[in-house]
Amino acid sequence: MALLAQADRDTISHMFEGLVDPVRILLFTIPTSALIVPGRETCESCSDVQQLLTEVSELTDKVTLDVHQFARGSEDAQKYGIERVPTILLLGPEDGRVRYSGAPFGHEFATMLQDIIGISRGETKLTAATREAIAAISDPINIQVFVTPT
């Protein structure tokens, strides 16, 4: 059963008409298993997140989904600094990345769609003054935004 209603698919497809550059979505996940093994990591939302991202990536040829099975200490996990699942990376032609840890449901879903569009277009909604202030920072910065349902 699809997670996105047809009306939502149509709206997202329309939003994606203005995509310019390709965007890769990397999903780090753990497959769901009916077998519970003590000490094995599990992920209750991973299957739903994978299905949602699959449905989103099917709406345009500018968005691709690469699914990686998470293994702590694996080469891919180390390369991208992945520590938990589900983790979603949005990658465009520029070096910067947007990362979501957890399921992008609710308001986070709309934010993720806007991030995909911004990455594809190489745009942000930052003012010139903000861009100048950021450009003056010489050290790497890791910005984390925590969201919780209200």
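Visitor: Where does Val67 lie?

Guide: Val67 belongs to strand E2. Strands are DSSP runs of E with at least two residues, helices are runs of H or I with at least four, and both are numbered from the N terminus. This is a predicted model, in which local features need pLDDT of at least 70, side-chain atom pairs count only at pLDDT 80 or more, and totals for chains, interfaces and linings use all residues.

Visitor: Why is Val67 called partly exposed?

Guide: Relative accessible area decides: buried means under 20%, exposed means over 50%, and partly exposed lies in between (1.4 Å probe, protein chains only). Val67 has 34% relative accessibility, so it counts as partly exposed.

Visitor: Which residues does Val67 contact, beyond four places in sequence?

Guide: Leu27, Thr29 and Gln50. Contact means heavy atoms within 4.5 Å.

Visitor: What makes Phe109 buried?

Guide: Its 16% relative accessibility falls under the cut-off, so Phe109 counts as buried. Phe109 is part of helix H4. Apart from neighbours within four places, Phe109 touches Leu4, Ile12, Leu52, Val56 and Pro104. Ala7 is 102 residues away in sequence and 15 Å away in space, C-alpha to C-alpha.

Visitor: Why do Glu17 and Gln6 get the label they have?

Guide: Take Glu17 first. Glu17 is in the loop between helix H1 (6-15) and E1. Its relative accessibility is 60%, so Glu17 counts as exposed. Gln6 lies in helix H1. At 52%, Gln6 also passes the limit, so Gln6 counts as exposed. The C-alpha atoms of Gln6 and Val63 are 19 Å apart, for 57 residues in sequence.

Visitor: How much of the chain counts as buried?

Guide: The figure is 31% of the 150 residues. The chain exposes about 10100 Å², and carbon and sulfur atoms supply 53% of that area. Those areas come from the Shrake-Rupley method with a 1.4 Å probe; for residues, only the protein chains shown count as cover.

Visitor: What makes a set of residues a nonpolar core?

Guide: The members must be buried Ala, Val, Leu, Ile, Met, Phe, Trp, Tyr or Cys, joined through side-chain atoms within 4.5 Å. The largest such core has 23 residues, and Phe16, Ile88 and Ile116 touch the most other members. Two or more residues come from each of strand E1 (23-29), helix H2 (46-57), strand E2 (63-69), strand E3 (87-91) and H4. H4 gives the most, with six. A second, separate core has twelve residues, including Ile30, Cys43, Tyr80 and Val85.

Visitor: What does Ile88 touch, beyond four places in sequence?

Guide: Its partners include Ile25, Leu26, Leu27, Val49, Leu53, Val98 and Met112.

Visitor: What makes a space a pocket?

Guide: On a 1 Å grid over the protein atoms alone, a pocket is an open set of points with protein on both sides within 12 Å along at least five of seven lines; a 1.4 Å probe fits in a cavity but cannot get out. Lining residues have an atom within 4 Å of a point. The largest pocket holds about 2400 Å³ of space. Of its 47 lining residues, Arg97, Val98, Arg99, Asp115 and Ile143 are the closest to the centre.

Visitor: Which element gives the most to the lining of the largest pocket?

Guide: H4, with nine residues. Strand E4 (97-101), helix H4 (107-121) and helix H5 (128-135) each supply at least two. By class, the lining has 18 nonpolar, 15 polar and 14 charged residues. Here Ala, Val, Leu, Ile, Met, Phe, Trp, Tyr, Cys and Pro are nonpolar, Asp, Glu, Lys and Arg are charged, and the others, Gly among them, are polar.

Visitor: What kind of peptide bond joins Val85 and Pro86?

Guide: A cis bond, with omega at about -10°. Most peptide bonds are trans. Pro86 is in the loop between helix H3 (75-80) and E3.

Visitor: What pattern does the chain follow along the sequence?

Guide: The order is α-β-α-β-α-β-β-α-α. That comes to five helices and four strands.

Note on methods
Residues are numbered from 1 along each chain as its sequence is written. Side-chain values use heavy atoms; hydrogens and water are left out. Grid points are joined across faces, edges and corners, and a volume is the space filled by probe spheres set on the points.
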